[in-house]
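Dear colleague,

Please find the structure below, with its sequence.

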Amino acid sequence: MSESSGLGEESQAVLAFIHASQTGVLRDAIAALEASSPDDLPAVVHSIRGSLGSYRLHDAHAHVADLSRLIADQSTSPASADAARLGTVEALRALQVAAEDRSVISHG
Amino acid sequence: MAETILVIDDSTDVRALVAVALKDAGYRVVEADNGPAGIETYHAHQPDLILLDIGLGSMDGLEVCRQLRAVTDAPIIFLTARTDEVDQLVGFAAGGDDYVTKPFSPKVVVARVSSLLRRQQRPDAGERTKYEAGPLSLDTASRTARVNGEPIHLTRTEFDLLTTMMENSERVCTREMLLERVWGEWFGDTHVVEVHMSRLRNKITAAGGPKVGAVVRGVGWRLGVE
């Protein structure tokens, strides 16, 4: 599921852990975003942004970074922020489905 | 015996990744998912170094750092998703020694941990350990600094900055030299030297000592004490 080509710099143990954990990290991020309220959305975004990037889920990280910038903008209305949150959930789900498809192909 | 690292972060995924990288490098790891639990875990395990997320819940990482600094001189590395410089500087004012921004590379975290732990190793036998300049005195073996004979509390980074300047009291210390001697491998903003130099200067003058770290424009800093 790796979205990165730069994993070779890490140790084999860390590489293996990152690869094995990426699906779960993406799933955790989707669940956290789905469950977040307007009040805790900034904290949730802050937390999952760091996780996704550190696990080299760069495409997912980019989507969440966009959401982070939008909700940090004082001119963004609560309704727009919520719509963006749902849009980000959908984008992450699409990445998850694509990753699972790749996994089925590679293991099939 | 393996050195113990305390990881305080509210993200299970982040803690897990950091723990795997540190254990793979031979460290022992203990974890906490919030500030109060982190302080409790510190007292239970007395770790050699603390990795601390700034964006914790009810008690943020900066407050945790202040409370830990009241009881320990162990190096503290901030983990932060906030990349703006103000946060970094506030982090150092709270008593942190270094910071790593998220997203992070596990091997960079390990490198920073190793670098800070190397800095606290005792000097070799026969190595000079005592320095004096005016009212300032320093003992690198016991890691104590005094002004007019009275001990002052310095963080590890402040102590190492002062040591480097006192070891080189006859010359100007360049930014590169200080970064290399004090921080080892440094990947962040090089203005970190100014931040720590300012804090060191303020602590010494507050204790009745001289103004150390005189700026030599375009070159670096000199001790500035005869």
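This is a predicted model: local features need pLDDT of at least 70, side-chain atom pairs count only at pLDDT 80 or more; totals for chains, interfaces and linings use all residues.

The buried residues are A:Leu41, A:Val44, A:Val45, A:His46, A:Ser47, A:Ile48, A:Gly50, A:Ser51, A:Leu52, A:Gly53 and A:Ser54.

Helix H2 of chain A covers residues 41-54. From its first C-alpha to its last it reaches 20 Å, close to the 20 Å expected at 1.5 Å a residue. Just after H2(A), A:Arg56 has a positive phi of about 65°.

The second topic is the interface of chain A and chain B. Chain A contributes 19 residues to the contact, and chain B contributes 18 residues. Between the two chains an area of about 1500 Å² is buried, and carbon and sulfur atoms give 62% of that area. Across this interface 0 salt bridges are found by the rule, whereas 6 residue pairs are found in polar contact, both residues of each pair being at pLDDT 80 or more.

On the side of chain A that touches chain B, the elements giving two or more residues are helix H1 (12-35) and H2 of chain A. H2(A) supplies the largest share of that side, 7 residues. By type, the residues of the side of chain A that touches chain B comprise 6 nonpolar, 8 polar and 5 charged.

With kind regards

How values were computed: Residues are numbered from 1 along each chain as its sequence is written. Chains are lettered from A and ligands numbered from 1 in the order in which they are written. Side-chain values use heavy atoms; hydrogens and water are left out. Helices (H or I, at least four residues) and strands (E, at least two) are DSSP runs, numbered from the N terminus. The expected span of a helix is 1.5 Å times one less than its number of residues. Buried means under 20% relative accessible area, exposed over 50%, partly exposed in between (1.4 Å probe, protein chains only). Contact means heavy atoms within 4.5 Å. Buried area is the accessible area (1.4 Å probe) that two parts lose on being put together, summed over both. A salt bridge is a side-chain nitrogen of Lys or Arg within 4 Å of a carboxyl oxygen of Asp or Glu. A polar contact is a pair of N or O atoms within 3.5 Å; within protein, one must be able to donate a hydrogen and the other to accept it, and residues adjacent in sequence count only if both atoms are side-chain atoms. Ala, Val, Leu, Ile, Met, Phe, Trp, Tyr, Cys and Pro count as nonpolar, Asp, Glu, Lys and Arg as charged, and the others, Gly among them, as polar.
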